[in-house]
Amino acid sequence: MNAAPPRFACDVMLGSTARWLRMMGIDTFYDNQAADADLKRLCLEEKRILLTKDAALHGSMPVGTSRRVEAVHTREQLREIAGAFQLVRFILPPRCSLCNGELAALGKDAVEGLVPSYVFRSQQVFQRCSRCARIYWPGTHLAKISDFIAAVRNACD
Ligand SMILES: [Zn+2]
């Protein structure tokens with residue numbers, strides 16, 4: 001079994017699933033403007049596994065380079081993907097849900113004026129996306145993510 005986590009590309013049908021994968025720390029390409037041919041080329045060049053709802057697109061990919069996602073709802077899709085690729089082994093510090101950038105810790109001093117004042121007063125730990133500079137803190141996104149990861153973890157056991 002591979003030691004490195006899989007890298008994915010999601011088709012246009014799987015936008016919210018792509019965002020959740022990113023929040024679980026899984027490197028996931030998603031662009032709702034990407035044509036099938038672009039996705040195929042990207043997956044082959046960057047060794048990403050294509051996650052798709054499209055049977056024809058799945059069938060056109062070399063064996064082992066794509067997976068047809070059967071589940072309909074986001075949560076079930078994530079369970080299906082997490083189970084198939086044993087993702088629980090790879091859950092890392094989260095990536096940005098908007099742009100897939102890596103998050104880095106940020107000192108409290110650096111965020112004054114950049115977050116709502118109640119957030120600045122009540123939170124001690126902040127993270128910033130290295131690419132788009134969106135700021136995250138535990139009271140919001142991270143708590144929801146933790147709950148969700150726990151649910152995925154349980155589903156994988
Ligand atoms: Zn970002």
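This note reviews the predicted model shown above, point by point.

1. Overall make-up. The chain contains seven helices and seven strands. Read from the N terminus, these elements follow the order β-α-β-α-β-α-β-α-β-α-α-β-β-α. Among the 157 residues of the chain, 27% count as buried. Of the contacts with a separation of 6 or more, 51% are made by residues 24 or more positions apart.

2. The parallel sheet. Four strands form an open sheet with parallel pairing, and their order is β2-β1-β3-β4. At its edges lie β2 (28-29) and β4 (66-68), each of which pairs on one side only. Strands β1 and β3 run parallel and are joined by three bridges. Within this pairing, Ala 9 stands opposite Leu 50 of β3.

3. The antiparallel sheet. A further open sheet has three strands in the order β5-β6-β7, and here the pairing is antiparallel. Its edge strands are β5 (103-106) and β7 (135-136), each pairing on one side only. As background, the strands of a sheet pair through backbone hydrogen bonds, in either a parallel or an antiparallel manner.

4. Pairing around β6. Strand β6 comprises residues 126-129 and pairs with β5 in the antiparallel sense over four bridges. Leu 103 stands opposite Cys 129 of β6, while Ala 105 has Gln 127 as its bridge partner. Towards β7, strand β6 makes two bridges, again antiparallel, and Gln 127 stands opposite Tyr 136. Gln 127 therefore deserves attention in the viewer: it is the bridge partner of Ala 105 and also faces Tyr 136 in β7.

5. The β6-β7 hairpin. Five residues lie between the two strands of this hairpin, where Ala 133 takes a positive phi near 70°.

6. The largest nonpolar core. This core has 24 residues, and those touching the most other members are Phe 8, Ala 9, Cys 10, Met 24 and Leu 51. Which elements supply at least two residues each? They are β1 (8-10), α1 (15-23), α2 (36-46), β3 (49-52), α4 (74-84) and α7 (138-156). Helix α1 gives the most, with four residues.

7. The second core. A separate core of six residues includes Cys 96, Leu 103, Phe 126 and Cys 129.

8. Helix α1. The buried residues of this helix are Thr 17, Ala 18, Trp 20, Leu 21, Arg 22 and Met 23. Just after the helix, Gly 25 takes a positive phi of about 90°.

9. Helix α4. Which residues of α4 are buried? They are Gln 77, Leu 78, Ile 81 and Ala 82. Viewed down the helix axis, the buried residues of α4 fall within an arc of 125°, so they line one face of the helix. The general rule behind such a pattern is that an α-helix has 3.6 residues a turn, so residues three or four places apart point the same way. Just after α4, Gln 86 takes a positive phi of about 50°.

Definitions and conventions
Residues numbered from 1 in each chain as written. Predicted model: local features only at pLDDT ≥ 70, side-chain atom pairs only at ≥ 80, totals over all residues. Core = buried A, V, L, I, M, F, W, Y, C linked by C-beta atoms within 7 Å. Buried ≥ 20, exposed ≤ 12 C-beta atoms within 10 Å, placed from the backbone. Contact = placed C-beta atoms within 7 Å. Arc of directions from axis to C-beta.
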